[in-house]
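This report goes through selected local features of one protein chain. The sequence and the model are shown first.

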Amino acid sequence: MPKGWQVRDTHFESSGFPAKESTRFRVTYQLPNNTRLFAYGYVLSGRRSYIMMNYTDVSPEPLEFTSFVGSFTRLTPDPPDQTSATNGFILLSAICVAIFDWWYTRKGGRKPVRNEYLGLLVVVLLLVALLVFYGYRGADAGEIGGMTGNLFILVFGIWELSRLIIRWKHPRPSNKPLIETP
């Protein structure tokens with residue numbers, strides 16, 4: 001806020017205009033020369049948030065600004081993201097396979113070798129580089145966060161799928177005793 005400005009009054013309220021669940025606000029400022037300045041605004045929240053604000057020296061909200069804000073009634077909500085169900089299925093399946101893989105390696109099954117861990121590290125580093133690249137190109141932080149979660153689930157699912165294939169190719173010897181006696 002500029003030097004010498006003082007907030008004299010604030011008023012926030014829920015509003016159905018210009019869209020459902022909007023917030024309407026009005027702020028009154030006292031300027032250093034004792035004049036008043038009014039700020040009118042609306043906040044529309046959703047997948048993307050919009051904030052429209054107008055400063056004026058007149059007390060009622062200007063009709064031009066109200067008409068402009070009214071043009072946002074044409075916004076329609078984005079369709080629901082269909083990847084969440086797929087990601088949930090992949091994550092749940094990968095967790096189940098991870099539990100079985102833990103049991104398999106604990107009972108004498110083949111553990112991941114160094115090259116498999118190096119491959120996983122290379123994939124993770126490439127994905128981090130991809131996310132950094134998108135960040136420098138100006139991608140939205142919410143989109144990068146969503147990509148991070150989706151890519152984590154995908155890499156985890158592929159890793160556990162590869163472990164499942166290894167279990168099928170190298171079954172645990174059934175005649176090996178669980179505890180060796182001296």
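## Terms and model

Contact here means heavy atoms within 4.5 Å. The model is predicted.

## Helix α1 and its buried side

Helix α1 spans residues 63-70, and F65, V69 and G70 are buried in it. These residues cover an arc of only 140 degrees around the axis, and therefore lie on the same side of α1. L63, E64 and S67, on the other side of α1, are exposed. The cover over the buried residues of α1 includes β3 and β4, the latter being residues 50-56.

Which residues does F65 touch, once its neighbours within four places in sequence are left aside? F65 is in contact with Y40, G41, Y42, M52, M53 and N54. F65 belongs to helix α1, and its relative accessible area is 8%. Because buried means under 20% relative accessible area, F65 counts as buried. Y40 is 25 residues away from F65 along the chain, and the C-alpha atoms of the two are separated by 8.7 Å.

Most residues other than glycine have a negative phi, and most peptide bonds are trans.

The peptide bond joining F17 and P18 is cis, with omega at about 0 degrees. P18 lies in the loop between β1 (6-15) and β2 (22-30).

N34 is not a glycine, yet its phi is positive, near 65 degrees. This residue is found in the loop between β2 and β3, where β3 covers residues 36-44. Is N34 buried or exposed? The relative accessible area of N34 is 63%, and because exposed means over 50%, N34 is exposed.

## Nonpolar surface patch

V124, V128, V132 and Y136 make a nonpolar surface patch of about 410 Å². V124 is found in helix α3, which runs over residues 114-136.

How exposed is V124, and what is its relative accessible area? V124 has a relative accessible area of 36%, so it is classed as partly exposed. Patches are made of residues with over 30% relative accessible area, and V124, at 36%, is one of the residues concerned.

## Summary

N34 is exposed and has a positive phi, whereas P18 is joined to F17 by a cis peptide bond. V124 is partly exposed and takes part in the nonpolar patch.

Note on methods. Residues are numbered from 1 along each chain as its sequence is written. This is a predicted model: local features need pLDDT of at least 70, side-chain atom pairs count only at pLDDT 80 or more; totals for chains, interfaces and linings use all residues. Side-chain values use heavy atoms; hydrogens and water are left out. Helices (H or I, at least four residues) and strands (E, at least two) are DSSP runs, numbered from the N terminus. Buried means under 20% relative accessible area, exposed over 50%, partly exposed in between (1.4 Å probe, protein chains only). Patches are made of residues with over 30% relative accessible area and no salt bridge: like charges are joined within 9 Å, nonpolar side chains (Val, Leu, Ile, Met, Phe, Trp, Tyr) within 5 Å. Accessible areas come from the Shrake-Rupley method with a 1.4 Å probe; for residues, only the protein chains shown count as cover. A salt bridge is a side-chain nitrogen of Lys or Arg within 4 Å of a carboxyl oxygen of Asp or Glu. The arc is that of the directions from the helix axis to the C-beta atoms.
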